[in-house]
Amino acid sequence: MLLSVNTFISLDGVMQGPGAPDEDRSDGFDRGGWLVPHASAHTNEVVESWFREADAFLFGRTSFNLLGGYWPKVTEPNNLIAIKLNTLPKYVVSSTLTDEEADWSPATVLRGELVDEVRRLKELPGRELQVHGSWKLVQTLHQAGLVDLYRLLQYPVVVGAGKRLFPDGSTPATFTTVDENSRVLPGGVVSLTLTPASLGAISAGAYTVDEGRSATVLG
């Protein structure tokens, strides 16, 4: 399976608490719910297209508990997201969560070395092992070079504080845009699909003047 990270971000890269004021108040975050005024049929269509590719999910404990407290209550028969989340295999990374507490079935608690566990899961048959939310987990996966695909919905909001997708200290990386899946939606939300091109270093260059002409030099 490919490992994909699917998330909502603001213009300043914040992914914390997009869906409700009380979704994630860790570290004193009090700006939750910033996504909701900008949600639309167009953003819903994009998110559903993400879930169509899922054959399994990987969560950190916080996101597992948060989503597991919401989506089992959604019982409308044609809700694609609820069907996928409530029926497909879910793997949750935790050293403290018991099997009994992981009652959003079918769920498996991963207690071993994370990188090895994820590599094992990626060897399983299927299309995508999807990560939604799970900020701390995403940082670890990025640092280890395990993410094959990033799908982002970037909203025209500057939150100004909170957990960012790529915080200070992240491993440098470059990405290639999958053009056919990237576009500006009505209302200004940007849908981006990115594949990693390099990890650990970024290329650089400079602007210079050569015989009176502006030129670029890559090095």
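Me: Lys and Arg count as positive and Asp and Glu as negative; His and the chain ends are not counted. What separates the mean positions of the positive and negative charges of the protein chain?
Reply: A distance of 2 Å. There are 18 positive and 26 negative charges. Each charge is placed at NZ of Lys, CZ of Arg, CG of Asp or CD of Glu.

Me: What kind of model is this, and how are residues numbered?
Reply: It is a predicted model, in which local features need pLDDT of at least 70, side-chain atom pairs count only at pLDDT 80 or more, and totals for chains, interfaces and linings use all residues. Residues are numbered from 1 along each chain as its sequence is written, and side-chain values use heavy atoms, with hydrogens and water left out.

Me: How many helices and strands does the protein chain have, and what makes a run count as one?
Reply: Five helices and 11 strands.

Me: Why is the protein chain called as compact as a globular protein of its length?
Reply: Its radius of gyration is 19 Å, close to the 17 Å that the globule rule gives for 219 residues, so the description holds. The radius is taken over C-alpha atoms, and the rule is 2.2 Å times the number of residues to the power 0.38. The C-alpha atoms fill a box of roughly 70 × 40 × 35 Å along the principal axes.

Me: What share of the contacts in the protein chain links residues 24 or more positions apart?
Reply: 70% of the contacts with a separation of 6 or more. A contact means heavy atoms within 4.5 Å.

Me: Why are F8 and Y155 called an edge-to-face pair?
Reply: Rings of Phe, Tyr and Trp (its six-membered ring) pair if their centres lie within 6.5 Å; planes under 30 degrees apart are stacked, over 60 edge-to-face, and the rest tilted. F8 and Y155 are 6.2 Å apart, centre to centre, with 80° between the planes. The structure holds 12 aromatic pairs.

Me: What does the F8 and Y155 pair tie together?
Reply: F8 lies in strand β1 (residues 2-10) and Y155 in strand β6 (residues 149-155), so the pair joins parts 147 residues apart in sequence.

Me: Which residues form one aromatic cluster?
Reply: F51, F57, F59, F64 and W104.

Me: What makes A54 count as buried?
Reply: Its relative accessibility is 0%, so A54 is buried. A54 sits in strand β2 (residues 54-60). Leaving aside neighbours within four places in sequence, A54 is in contact with K84, L88, R127, E128 and Q130.

Me: What makes the backbone at D27 and S134 worth a look?
Reply: Most residues other than glycine have a negative phi, and most peptide bonds are trans. D27 is not a glycine and has a positive phi of about 60°. Phi of S134 is near 60°, also positive. D27 is in the loop between β1 and α1, and S134 in the loop between β5 (128-132) and α5 (135-143). D27 is exposed at 75% relative accessible area, whereas S134 is buried at 5%.

Me: Where is the peptide bond from S105 to P106, and what is its omega?
Reply: Omega is near -5°, and the bond is cis. P106 is in the loop between β3 (90-93) and β4 (107-110).

Me: Which residues does T174 contact beyond its neighbours within four places in sequence?
Reply: T195, P196, A197, S198 and I202. T174 is in strand β7 (residues 173-177). At 24% relative accessible area, T174 is partly exposed. T174 and G200 are 26 residues apart in sequence and 9.0 Å apart, C-alpha to C-alpha.

Definitions and conventions. Helices (H or I, at least four residues) and strands (E, at least two) are DSSP runs, numbered from the N terminus. Buried means under 20% relative accessible area, exposed over 50%, partly exposed in between (1.4 Å probe, protein chains only).
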